[in-house]
Structures are given as C-alpha cells and as structure tokens.
Amino acid sequence: MPEMLLVAGGTVVDPANGVEAARDLLLVDGLVHALGEPGSLTRDARGAEVVDAAGCWVTPGLVDMHVHLREPGYEYRETIASGAEAAVAGGFTSVACMANTKPVNDNAAVTEYILDRARAAARAHVFPIGAVSVGLEGKQLAEIGEMRRAGIVAVSDDGHAVNDSGLMRRALEYARLFDMAVIAHEEDCGLAHRGVMNEGPTSIRLGLRGMPAAAEEAMIARDIALVELTGGRLHIAHVSTAGSVELVRQAKRRGLAVTAEAAPHHLFLTEEAVEGYDTNAKMNPPLRRERDVEALREGLRDGTVDAIASDHAPHHADEKDVEFDQANFGVIGLETTLPLALRLVHDHGFARDRMVRALTVAPARILGIPRGTLSQGVVADVTVIDPDAVWTYQVAESRSKSRNSPFDGWEMKGRARCTIVAGRVSWSLAERNERH
Amino acid sequence: MASAERIVMDAQAVERALKRIAHEIVERNRGAGNLVLLGIRSRGEFLVQRLKALIGVIDGAEPPTGVIDITLYRDDLTRSRQRPAVKGTHVPFAVDDRDLILVDDVLFTGRTIRAALDAVIDLGRPQSVQLVVLVDRGHRELPIRADYVGKNLPTSRGESVHVRLRECDGADEVVIAPAEEG
Amino acid sequence: MEFRGQHLLGLEGLSAGELNFLIDTAASFKEISDRDIKKVPTLRGKTVVSLFYEASTRTRTSFEIAAKRMSADFISIASSTSSASKGETLLDTARNIAAMRPDAIILRHSCSGAPHFLARRVDCSIINAGDGSHEHPTQALLDLLTVRERKGRIDGLNVAIVGDVLHSRVARSNLLALRALGANVRLIGPPTLVPHDFGRWGEVCHDLRHGVRDADVIMMLRIQRERMTGNFFPTLDEYSAYFCLTRSVLEEARKDVIILHPGPMNRGVEIASDVADGGAAVILDQVTNGVAVRMAVLYLLVNAPREELEVPAATVETAPAVARPRRKAAHA
C-alpha cells in the first residue's frame, strides 16, 4: 500500500517550474507524484492523508543554506536535533550547517557524525558544509575530497574569513574538482579588528569599536578577482552593505560565478538597534545603515542577491547577557526568516515568486542539492505557508535551545502552517497549538 | 491676595517690628561689636540685610552677615521623595567666639532651627547663638524658642502662614490662610 | 529645572536646563570643602560602593572624599583584588553587592555600556565613573563647572578639545554637554584619532596651531599609552612634535585662555611642562571641583525617588501592603 499525502486547496508556487497557480499536490512514497487542478487528484489519492492548504501557498520545502547547529561541541547552545526541530517549525525542510563546531568539521569523520545525528533527529534534512582549512585556522587546506565523499555540499571557514589570499585562491581552484562552491565570510580582519558594531556615527556615539563597511567590501573585491583568476565558484555569505551588493552586481554582469545571500536581520534592522547596548543586535557582519538595508532589498529584487539565509547562530544566555564588548556575535533565525521574508512581500512590494525563489531553488542550486522544486519524482519536501496569519513571535516558545533573537515580540503576518519532509508531515501549526 | 487670606501684619507693622528687634539685639548684647547675623534661606536672607542696616543706624557699625542653606541638614530628606535644590551656604568669616544671631521668617515646629544649629556647629564655635523670627506661630515639636519675636501669632495646625517681603514678593506683609478643605 | 534620574549613566540627552542644574548644585557644595569641619550629615547612614574594574587613583579618591564629606559610608572594590580575578562576571559581582543593599554603586569599567547593563539589572542607583570610550559624566561636569567659574558662562565660548578624541570618554561627555550649552566646539588631533564622523558634534581640525586660534578654553586629553596598539601614530615623539600644547602654540589662543586636563598628564607629550604649570592651566581647580561635583551627584542620586512606587490595594483582612518598586521597561 503506497504511502500517500495530498496537499489540497492551496496555491502552488514553484518558481523552478514556473508554476504559480491553484493546484493540488499529491505525494507518494516520499516523492512528488503529481500536480493537478483543484479536486482532480481525489481519485488517485484514495486513502491518502490530506493536508488542508486552503488559503495557503504551497511551495517546495524551504532551504536555509546558512545555519549553525553547534553539534558537536556546543550542545548547550543547540544540537542537531533541536536545530532541525526549529527548522521545520520555521517551515524549512533542508538546512546547510557550517563547520565551526568542536571539533571543526574538517574531516570525513565529523561530517559522518553530523549526518548520523541528523538522521536520528528525523526532522529537516541536514547538509553539512565542510571547512576550507584545517581547524578553520586559515593555513592548510582541509580534506575537501574526503569530506565530499562523506557528504558535504560546499566548503566554508564561516565564522572566520580566509585571510591568506594564496590559500583562498587554492581553495577556489581545488573545490572545482568536486564542483562545489566556496562560501566566504567576507571580513578583512585588519580593518574589522576587535570591532563590535558598524563603524560610523553610532559607534562613535556609543563608544564602541567599529567594523567599517570597507572590511567586507575589500574582501569581496579580492575574492571576485580570485574567481576571475581561478574560474572557481564563489558564494558570499551574509552580504550586508550597499557597496558589497554593487560589487556582486558588477561581477555577475561580467559573467563570473559569484552568488550571494542576505540574512533577514540585515534586511530589516539597522545599527540603531544597538542603542542601549542590546546584545541581540550584535552580529557579524554587523547591522548597517538604512541605505544598506535598501540596497540589499534592491539586490534581492533584481537577483543580485540570490538567496535569503538565516545565519542562525544560537548562543547561551551566559554568552549574550553580558557587557556588549564581551557578548558573542550572532542571533537565531530559523523561526523568523520566513515571516520576515513574507514581510518583504506584504509591505515592500516584493513579488511572491521572487521571495519563494530566494528560499527554495536559488539556495538549492548554489549548494547543488536536489531540493527546492516540486518537479515530478523529487523528494517530497513541501512547505504550506499561511500568508495572512497574524501572530506575535515569542522567543520563549522557540524550538531552539537558545533565545538570542532581536525579533522577540514582533508582530508577524504569515507563517508556515505545515512542513512536510520526504512525504511526511514533520511539523504542523495545528499540532503545536494543541500542545499549548 | 487670595480671598480667604487674612493680613496679620501689614508693611508698617513689619517695619516697626524689625526696628524694635534691632534695638533689642543691640541692648541685650551691649552693642553690635561682637555680632554676626546669619539668615536662613530664603527669606531670612533678606531680613538679615534689613536688620544689618537698622543695627548700623542704631550702633554706628553694621555687623557681618552671611546666609545658610539648611537643606543638607534636614531630618526629613530620606522620607520626602524630593531632592530640594541646594543653594549653598555663604559665611565668609569666622564664627568662633562671636554672638551669632540666626534670622528666619517663621518659627513653627522648630525643626528648621535645629538643622540650622547643626549647620552653625559645623561652621565653628560661637560664643552664643540667638534666634530672631518675624513670626512665631506655635506648635513646637522640639524644645526650641526664639529670643526675639516680631509677632506672636496663635494658629491652628492646618492653617498656613506666609511671610512676603518686598525684595522677592513685591510687598511686605504676613498673612494667614485657612486649613485646606477635605 | 531639576535633574530627575535614578542613575547618572552619561550626559547624553540632558538638556541645558538639567546640565545647569547639576553645575549649580555642584557649585553650592564647594564651600563645604573650605570649612574646618568638612562634613554635612546629609547622607548619614547611606552606603556607597565603588566598583572599579580599571585602575584609578584620582577618580576613586575623589568619590571617596565626596561620599565621606556627605557622611556616607564608602566601600571601595578594585577588580584586581575582587572576585573578578576569579572569573566572576560583572553581573554576578554587581548582584552580590546589590544584595547587600548599597544606596549607590559607582562603576568604572573598560566596556562601553557596562553601567547601562547594570542599571537594567540591579536595583540601586548606578553612577558611571567612566565606561570604555563612552562617557565620564562627572569629569565633564567638573570641567564645565571650572569653565563657568573662570569664564562666567559657557554659551558662546570657543572650546578646543585636543588629542585622542576617538578613544576618550572625557571628550565625548564634554562635547555632548558643551553643545547642549551652546559652546562652539573644535576637535583637534591627527585624522586617525579625530575621524571625520565626529563632524556632527564639532568642527574637526588636524592642525593644532590653527585649531586653537581664538580659543577661550583648551581641553587637553591624555594620550593613552594603554590604548596605543593599532598604529594610530608612529611614536610619542612624532605625536608630540605636531600636537603638544607648548607656550608657542598657546600664543594663537585668546590671551585669557584657560587650559584643562583630566589627568594624569604626560608632561612633554600632550602638554609642555611650563604650560602645565603656568597660569592658564586650571588643573588643580578641576580636582577641587571634582569633589564638589561628586558630592552633588551623590546628593541627587542617593536620595533620588525610586521609580513610581506601585502600592497594591490593602484588603480588610490583610495589613496594608508594602509599596514595591515597579521595574521600568528594559531601556537605559
């Protein structure tokens, strides 16, 4: 007896296949089986579990290509299980996790461990990203090939920049062998040295050391030149400045293999959020100015910025509830990314298709994973989104182990109603509400 | 003047009282040679200037004057939720061995004078401390008494007594206002 | 006009009226230090704790003398001897102290925002004695008092602040207050230490001689050797060649210019010895005024009304409820 799930009554938005229409979706044995006019699949779906998607958008399962799951080594902040749980609660069926664990994911054994824990959690799919350099020290190439065999989908020293230009060049060249992108955390450490927020009048007023926009832009310029030199593939993590967006735009115009992502906090918050020394406004790259926010939105709109990624960075209260200088960088985001992306559609004139693309097929393609579409025969990852649900985000109710969010108490419009992973409902709002 | 107020001393009465007090001071102290006058802020300040001039006319020489702010010596600061403005004490001479005349406008519970005595002790060791008040309205809470009184004024606790001086209020008068309703 | 705060975290946002009130109150406390018996009983029975995470003799001593002249009990905790060296967090240290119910905590810390952090989490008044590069409100207040005593006013004066403005909390507190009070501020130093972003608070100038032209007041800042990693200038000698306040440079300023310095001075680096000891320097006045300012601040904060007290209604069966302070929303 085949396992069947019918998602009925919604509007399917599948940018990869150019679909944006009222359709029912039938999933069979964990794969996408058929799309049909509303009501047309009922006969095929006899005996199927039905998910009611009335009033909702039905999209490919969302992909967050930049999260920190903290396991192994920092399980007090987050585990793969709790992170995967937070992911599906936020509508994500796939996440790609960074290598700055303890030990660092710079070898096949750690990669396998991560995949093992993800399988055990049985929530969102987890795609590990391996380190570029051993120990993230930026000196020696990690065993990229072995890690690729074990299952990584990209390499990155995220958390750190690759300061040695020679090493970055080699990484871009070598990764070509495995058809993987190098994901770059762009930060010139000499310029950003000991900074804790954006450099500018606000940092001066608050007496905090600043990280100038130039620290990000100088590194991006370097890496774009290296792409030109090596023919490698570069993906720029968490772009945050207007200058950075412009550099990426020009690189794309020249036909270079450069892609970029932006995090929701850079799309909605400015350096003013640091007022009062709120450590939930401390992240790297830091919150910038109004005009950087606008440039990022524009970049998303015109495709310069390909994807939205949360950079979900859990930290324990003991690491955040301290003096601003001492607090760790980063905020969680798995459960706020979708509602904030929807805000772009509701309040800032973004096309629905564009927003969905930035959370599905765009990140999937960059990572080279078979996700982000509703093509026939692909793994049945589906997100059912209620675009109009009005709710308030309470960080205390988060599935993550950590509580460091700048969006606590924000009124949101739209959220995932149901998250389906490999043909099974992994999370639903109804079930969550029952438990409360 | 508010309609419920009653004038108990007009400008002439105030003038006469001060003249009499000036004579009494000179008489009791056998001359003004060892006197210093300290006014308690804020109206005591002006009364002290007038007394100084009057004593100068009677005795030929004007005694030194200063002004003290008793805010820092009040006994009710922790209870009250105010932080009253401190205008400062200005006593630019030594008080040791002098006959120190404290001057205030109204003597009521006596707590202001107690605070003033603490302030005076911190300034030095006068030979004697004497007290001038324009009005004594009774209801003492501490064993304090005035040496020179402009007018004794029986009042009930709830009533208020206001001394107005031309230097700061435009006219000289002392009024009683009735107790607040309710 | 009054000062209505529970804390003194900085001078930012204070109006001219509030600043003048603070300066006036400080002025009225000066004479206490001239008496034979330098004490008033106002803060008798109150406890003031100073928690200094950065070494300081003069500020701490100044606060101690101020507290004692107000008859308060003063406890001094220096981080080297405290639990901080055993790894205790600022928050835990402050909570432990607060549990002993002091009436005020005076905090000096190397992190900007540390007093704000405490003010949100601890129940007593917090006085900022210097936080990182952010503010040093009592220093600026004593500077302003000194200026006003010597010049009769602050409004309309030309004030030059010279030196490491970027890292200086004294500079920040001063320039905020000077602007609010209507002075014309000029910030002088090399571009590495006076970046152009300061332009919104004063005129940025990189030439000392030119910058002190027509100055009524010159505020010298210490070159902080501790902060000097980072290539802000090559050597002290070179800094001094271009930015040392010498007698010759002083000639460009007004004849009756006064010179302030928060101390301790680096003689020969930012200020020439003969200038430091000359008639224009009012450095010792600053120290005297420092005690008066700190007495005034203690007076205003230690007796400060707590946030609006919320008194739960008493019922017939229970005794009248004790008023509990209602916590303010988390905003410093």
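The structure is a predicted model, in which local features require pLDDT of at least 70, side-chain atom pairs count only at pLDDT 80 or more, and totals for chains, interfaces and linings use all residues. Residues are numbered from 1 along each chain as its sequence is written, while chains are lettered from A and ligands numbered from 1 in the order in which they are written.

In chain A, an open sheet is formed by 3 strands in the order β6-β7-β8, with parallel pairing. Strands are DSSP runs of E with at least two residues, helices are runs of H or I with at least four, and both are numbered from the N terminus; two strands pair if DSSP finds at least two bridges between them. Because β6 (62–67) and β8 (125–128) of chain A each have a single partner strand, they stand at the edges, and one side of each is left without a neighbour in the sheet. Between β6(A) and β7 (residues 92–97) of chain A, the parallel pairing extends over 4 bridges. Within β7(A), A:Phe92 is the residue opposite A:Leu62.

Chain B contains 4 helices and 8 strands, arranged from the N terminus as β-α-β-α-β-β-α-β-β-β-α-β. Its radius of gyration is 16 Å, close to the 16 Å given by the globule rule for 182 residues, so chain B is as compact as a globular protein of that length. The radius is taken over C-alpha atoms, and the rule is 2.2 Å times the number of residues to the power 0.38. The C-alpha trace of chain B spans about 50 × 40 × 30 Å along its principal axes.

Chain C is assigned domain 1 (16–135 + 289–307) and domain 2 (137–286), with bounds that come from an automatic or database domain assignment. The C-alpha centres of these two domains of chain C lie 26 Å apart. In chain C, 20 residues of domain 1 are in contact with 19 residues of domain 2, contact being defined as C-beta atoms, placed from the backbone, within 7 Å. On the domain 1 side, two or more residues come from each of α1, β4 (125–131) and α11 of chain C, and α1(C) gives the most, with 6 residues.

Between chains, 17 residues of chain C are in contact with 17 residues of chain B. The elements giving two or more residues to the chain C side are α1 (16–29) and α11 (283–302) of chain C. The largest contribution to this side is that of α1(C), with 4 residues.

Note on methods:
Contact = placed C-beta atoms within 7 Å.
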